[in-house]
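Q: I would like to learn how to read a strand and its neighbours in a sheet. Could we take it step by step?

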Amino acid sequence: MKFGVVVFPGSNCDYDTFHALQNVMGLETVFLWHKDHDLQGVDCVVLPGGFSYGDYLRSGAIARFSPIMTEVKKFAAAGGLVLGICNGFQILLEAGLLPGAMLRNKNLKFLCQHVYIRVENSRTAFSQAARKGQVLQIPIAHFDGNYYASPELLSELERNGQVVFRYCDEKGKLSEEANVNGSINSIAGLINRQGNVLGMMPHPERASEKILGSQDGKIIFQSMINYLEKKVGPGRKKAVRTTRPAISPLPPLIGTF
Amino acid sequence: MKVRILVSLKESVLDPQGQTVRNALHTLGYQAVRDVRQGKVFEIELEGLDRSEAEKIVPEIADRVLANPIIEKFSWEILEA
């Protein structure tokens, strides 16, 4: 089992995501360069957070034209697992791999804080290690996370169970206050109809170690591992560490933007 | 040929930036301002195209790239032939 983290110019959670996958979850992980057409045989592609192409035009609007995205689209169409985190979610929307669009946060502020999200659908490849209704504490850091869908699309998404995570309070209750960015129906994470592409604004990689204040993000990665184990067989290099890690050095980034 | 394209949020989509600008104008005493919608302007120079070709390409560019049709609308005009 092999994971790939795409690196766009302006990605800034690529190393965090790589660290969480390789050193915390113990997975074989590689970087995928935005100019390449090679997915290096990965079983899962992660589009990390950041500000790809400086968020020029609209968040994620330019990244969708990157050479690697042609391959990601083919990979997704063939049923490959794709996770978009934050800017990665915005890219998936702009690329048409997920429906809807992002608007500026309702309070016009960049929000960088821990939030609670409720698992609405625990039968997906990205949430099967959680219980339905479970509350996860995972941080957000974004300016454009105010999810928008037309009324018709919204009812379709709700009917199909495509809303995987919703912003809530500590007890799992939905409220206008807990819905910090103003997303329609408090949507924090969304899956495609086929169930292999998920976008979420909260950062699971920033909530994967005790020292970071929450380990709830590991539930997302664990779900994907469970799903892929059934699909491609066991992929753990080693058991997930419990105490101090022997951190493998991260590979340097080679290439020109 | 010079073309100007205006992109703004659809009427059905809330524009919190526009609202904030409106509120600021009210604070300054411009009570006549009823609504503000904020958008983007693109000025594009085209070469080697005649008018009918430009009329075909410009909305295509706006629809595919400059605007996100889910939340935004656009209008355009030819500034210099």
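Q: In which directions do the residues of strand S11 (residues 197–200) of chain A point, and are they buried or exposed?
A: In this predicted model, Val197(A) and Gly199(A) point one way from S11(A), while Leu198(A) and Met200(A) point the other way, and all of them are buried.

Q: How do strands of a sheet pair, and which strand runs parallel to S11(A)?
A: As a general idea, pairing takes place through backbone hydrogen bonds, in either a parallel or an antiparallel arrangement. Here, strand S4 (residues 81–85) of chain A runs parallel to S11(A) and is joined to it by 4 bridges, with Gly84(A) standing opposite Gly199(A).

Q: Which strand pairs with S11(A) in the antiparallel sense?
A: That is strand S10 (residues 187–191) of chain A, which pairs with S11(A) over 3 bridges, and Ile191(A) stands opposite Leu198(A). S10(A) and S11(A) form a hairpin with 5 residues between them, and in its turn Gly195(A) has a positive phi of about 85°.

Q: What is the order of the strands in the open sheet?
A: The order of its 9 strands is S2-S1-S3-S4-S11-S10-S9-S6-S7 (chain A), and the pairing is mixed. Strand S2 (28–33) and strand S7 (135–142) of chain A are the edge strands, each pairing on one side only, and the twist from one strand to the next averages 25°.

Q: Which helix packs on the sheet, and which strands are touched?
A: Helix H5 (residues 218–232) of chain A packs there, touching S3, S4 and S7 of chain A, and its direction makes about 170° with that of S4(A).

Key. Residues are numbered from 1 along each chain as its sequence is written. Chains are lettered from A and ligands numbered from 1 in the order in which they are written. This is a predicted model: local features need pLDDT of at least 70, side-chain atom pairs count only at pLDDT 80 or more; totals for chains, interfaces and linings use all residues. A residue is buried if 20 or more other C-beta atoms lie within 10 Å of its own, exposed if 12 or fewer, and partly exposed in between; C-beta atoms are placed from the backbone. Helices (H or I, at least four residues) and strands (E, at least two) are DSSP runs, numbered from the N terminus. Two strands pair if DSSP finds at least two bridges between them. Axes are lines fitted to C-alpha atoms, for helices over the stretch in contact, and angles run from 0 to 180 degrees between N-to-C directions. Two residues are in contact if their C-beta atoms, placed from the backbone, lie within 7 Å.
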